[in-house]
Amino acid sequence: MKSIILLSALLLNSFAALATPPSADLETNFHKLSGNLRAYPYAESEPPAQTPPPAGYEPFHLEHYGRHGSRWLIGENDYKTPVQNLEKAERAGKLTPLGKETLEELRKIEVASRGRLGELSDKGALQHQAIGRRMARNYPELFSDSSQVDAKATVVIRCILSMLNGLQGIREVAPNVSVKSDASYADMYFMNYDDKPAWEIKDKANPVLWEYWKNHSVPDGYLSRLVTDKQFALDSVARGLMPQLYWILANTQGHTGQPWMLDKVFTADEVREAWRGDNAGWVLHSIDTPLTERRMPYTQRKLLKNIIESTDTAIMSTRPSVNLRYGHDGILINFITLMEINDFGKEFASIEEAEAAGVRSYDLIPMAGNIQLVFYKNKEGDVLVKCLLNEEEVRLPATPVAGPYYRWNELRDYYLEKANRY
């Protein structure tokens, strides 16, 4: 993950290193290699300390877009298919001890998932409570009795519950803050915009993705740890087992009481290839590349424009304010590339090039992943902005005033031009 920035020359060097790709040793972390199923890294621990603003500047406004917290998998077959496939080996008496243990746990998880597909998990609720508490604690000026907090969610229940838990966390620190919350189809045009022309362009690039998957298929060594007869495993068990088995085992980190078995069933190499296949889809979905006519970041132009307009209103107001939005990973990752956070918005020629540069789902869009734009003003009315990605300070496409602080007028003009391109 990204390093903290301080104003000293030494730590400004760390700030420049924010775009450095994770080293190879980090890619053996099974929790991270769960990709967008990774549980939020700062639910039970604290993120890096933040850089103080330049002298004379005080926070007056905050804009936020966050993904819902950890959830149950969305498809019924995500849970049922691995159970059914391993039961074939069970009936044939060909399960290893680990295979028997895995099947037993998968059955329990499948039963527990019934009626809860796609819903927020218990840990997902805790993730947003923690984020809300930190917001209110880090920026008491924005959550005072005179402040207005406006929270919106998409019309999906896990997002609505994420919003409510985030507000619960805020109220634990600032019980008297004024809060308004809503979830309406009227706001979906910027909360979860369906850019059909862009998706059609992306679909034309799918052969690139299929070729990537062919070159990064998961080695079948995991089958021998589950099934005693290799040929039987290949003929009767393997088809349909992946990637659902990877998804179920990776997602247990987002639930209380579900066992962590990902590193028992798979090796690091196998999980890395499973993650690469999934990550490739997110890369093609989000990056600026000729493969998709450089179109994908702009799917979130309406969200960017809404944030600009909301900030314009806040600058004219004398009342501190906060705008919170709770949505989805497919929105968040494209918003990251549209904002050009840490150079992730630059043009990439290939999936491999973007991955090497750090466009990696486990760092960008974990469960409860979020962007916070914190605005500061001095007595002369000069406005600075700082951006946090998953509560860590990041770089924006402008020259900083100091550390992670940028002049909003410069960024506003640049972002508004991008927001109006399509």
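Biologist: How far apart are the end C-alpha atoms of α5, a helix of 17 residues?

Modeller: This is a predicted model, so local features need pLDDT of at least 70 and side-chain atom pairs 80 or more, while totals for chains, interfaces and linings use all residues. Residues are numbered from 1 along each chain as its sequence is written, and side-chain values use heavy atoms, without hydrogens or water. Helices are DSSP runs of H or I with at least four residues, and strands are runs of E with at least two, numbered from the N terminus. At 1.5 Å a residue (times one less than the number of residues), α5 should span 24 Å, which agrees with the distance between its end C-alpha atoms, 25 Å.

Biologist: Is L161 buried, partly exposed or exposed?

Modeller: L161 sits in helix α5, residues 157-173. Buried means under 20% relative accessible area, exposed over 50%, and partly exposed in between (1.4 Å probe, protein chains only). With 33% relative accessibility, L161 is therefore partly exposed.

Biologist: What covers the buried residues of α5?

Modeller: The buried residues of this helix include R158, C159, M163, L167 and I170. Counting contact as heavy atoms within 4.5 Å, the cover over the buried residues of α5 includes α4 (122-138), β2 (148-153), β3 (178-183) and β4 (321-327).

Biologist: What is the relative accessible area of L388?

Modeller: L388 belongs to strand β6, residues 383-389. Leaving aside neighbours within four places in sequence, L388 is in contact with Q50, Y139, N370, I371, Q372 and E393. L388 counts as buried because its relative accessible area is 1%.

Biologist: How far apart in space are L388 and I341?

Modeller: In sequence, 47 residues separate L388 and I341. In space, C-alpha to C-alpha, the distance between L388 and I341 is 9.5 Å.

Biologist: Which residues touch the most other members of the largest nonpolar core?

Modeller: A nonpolar core is a set of buried Ala, Val, Leu, Ile, Met, Phe, Trp, Tyr and Cys residues joined through side-chain atoms within 4.5 Å. Among the 49 residues of the largest one, the residues touching the most other members are M339, I341 and I371.

Biologist: Which helix gives the largest share of this core?

Modeller: Seven residues form that share, and they come from helix α15 (residues 329-339).

Biologist: What covers the buried residues of α14?

Modeller: Among the buried residues of α14 are L303, L304, I307, I308 and A314. Their cover includes β1 (58-67), α6 (188-191), β4, α15, β5 (370-377) and α18 (408-419).
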